[in-house]
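Here are my notes on the model you sent. They are set out as numbered points, to be read with the structure open.

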Amino acid sequence: MDYSLAALKLLCIQLKAARPTHDSSQSSLSYGPILFQRAWLQGVIISLPSTSGGDGRFLVDDGTGVIELIASRDVLNSVWKLGSYVMVVGGCVIRDGDLPIIKVHKIVDLSAFPHREAMWYLEVLEAYKLFYLPLIVDS
């Protein structure tokens, strides 16, 4: 993982628009001309991993789409609830015809902060306007 590449603040619909790069030296994605390996998303948990030997997969919906999370045992040992609003940062995998995957590096339950969801859309919009759009327009 190349940690010099930023974790982009994205909505699910933007992550779905990302494409794998053809550079075999690193497994990065591109959103327009922007290279990244990790994404930062926020959304509502809509399915929980199986408690009986499941593979640590659950789903998050941010209002623009759904992503699949793959979580480590440490993450699964925490108590997660349907409807919880979470922040997720992790490595990305884009699959044709299927949901994007985030391999969870960090997940935080933000349900105790009711304004976080409304603020998130503004944060993504600000990042897009200030950082991503100028790079996309110049390419």
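1. Is Ser28 buried or exposed? Ser28 is buried, with a relative accessibility of 4%; buried means under 20% relative accessible area, exposed over 50%, and partly exposed in between, with a 1.4 Å probe and protein chains only. The model is a predicted one, in which local features need pLDDT of at least 70 and side-chain atom pairs count only at pLDDT 80 or more, while totals for chains, interfaces and linings use all residues. Residues are numbered from 1 along each chain as its sequence is written, and side-chain values use heavy atoms, with hydrogens and water left out.

2. Ser28 sits in the loop between S2 and S3. Leaving aside residues up to four places away in sequence, Ser28 touches Leu5, Pro20, Thr21, Leu35, Phe36 and Gln37; contact here means heavy atoms within 4.5 Å. Gln37, one of these partners, belongs to the loop between S4 and S5. Gln37 is buried too, at a relative accessible area of 5%. Between Gln37 and Leu5 there are 32 residues in sequence but 6.7 Å in space, C-alpha to C-alpha.

3. Strands and helices are DSSP runs numbered from the N terminus (strands E, at least two residues; helices H or I, at least four), and two strands pair if DSSP finds at least two bridges between them. Strand S3 (residues 29-31) is joined to S4 by three bridges in the antiparallel sense. Leu29 has Phe36 in S4 as its bridge partner.

4. Now the pairing of S5, S8 and S9. S5 and S8 are antiparallel and share seven bridges, with Arg38 opposite Gly91 in S8. S8 also pairs with S9, antiparallel, through eight bridges; there Val89 has Lys106 in S9 as its bridge partner. How many of the nine residues of S8 are buried? Eight of them are, so S8 is mostly covered.

5. S6 pairs with two strands. Strand S5 (residues 38-47) runs antiparallel to S6 and is joined to it by three bridges, and Val44 has Asp61 in S6 as its bridge partner. S6 and S7 are antiparallel as well, with five bridges; Arg57 is bridged to Ile70 in S7. The covered face of strand S6 (residues 57-61) carries Phe58 and Val60, while Arg57, Leu59 and Asp61 are on the uncovered one.

6. The largest nonpolar core has 28 residues. Such a core is a set of buried Ala, Val, Leu, Ile, Met, Phe, Trp, Tyr and Cys residues joined through side-chain atoms within 4.5 Å. Leu15, Phe36, Ala39, Ile67, Leu69, Ile102 and Ile107 have the most contacts inside this core. Apart from this core lies another, of seven residues, including Leu11, Met87, Leu110 and Val124. In soluble globular proteins, nonpolar side chains tend to be buried together. Ile67 touches Cys12, Leu15, Leu41, Phe58, Leu59, Val60, Pro100 and Ile102, again without residues up to four places away in sequence.

7. There are five salt bridges in the structure, each defined as a side-chain nitrogen of Lys or Arg within 4 Å of a carboxyl oxygen of Asp or Glu. One of them joins Glu123 to Lys9 (3.0 Å, N to O). That pair links distant parts of the chain, with Glu123 in helix H3 (residues 116-138) and Lys9 in strand S1 (residues 7-9), 114 residues apart. Glu123 also meets Arg116 in a salt bridge (2.9 Å, N to O). Glu123 counts as buried because its relative accessibility is 17%, whereas Arg116 is partly exposed at 25%.

8. Arg95 and Glu68 form another salt bridge (2.8 Å, N to O). Arg95 lies in the loop between strand S8 (85-93) and strand S9 (101-109), and Glu68 in strand S7 (residues 66-70), 27 residues apart. Arg95 is partly exposed, at a relative accessible area of 24%, but Glu68 is buried, at 11%. Both residues belong to a network of salt bridges that links Arg57, Glu68, Arg95 and Asp98.
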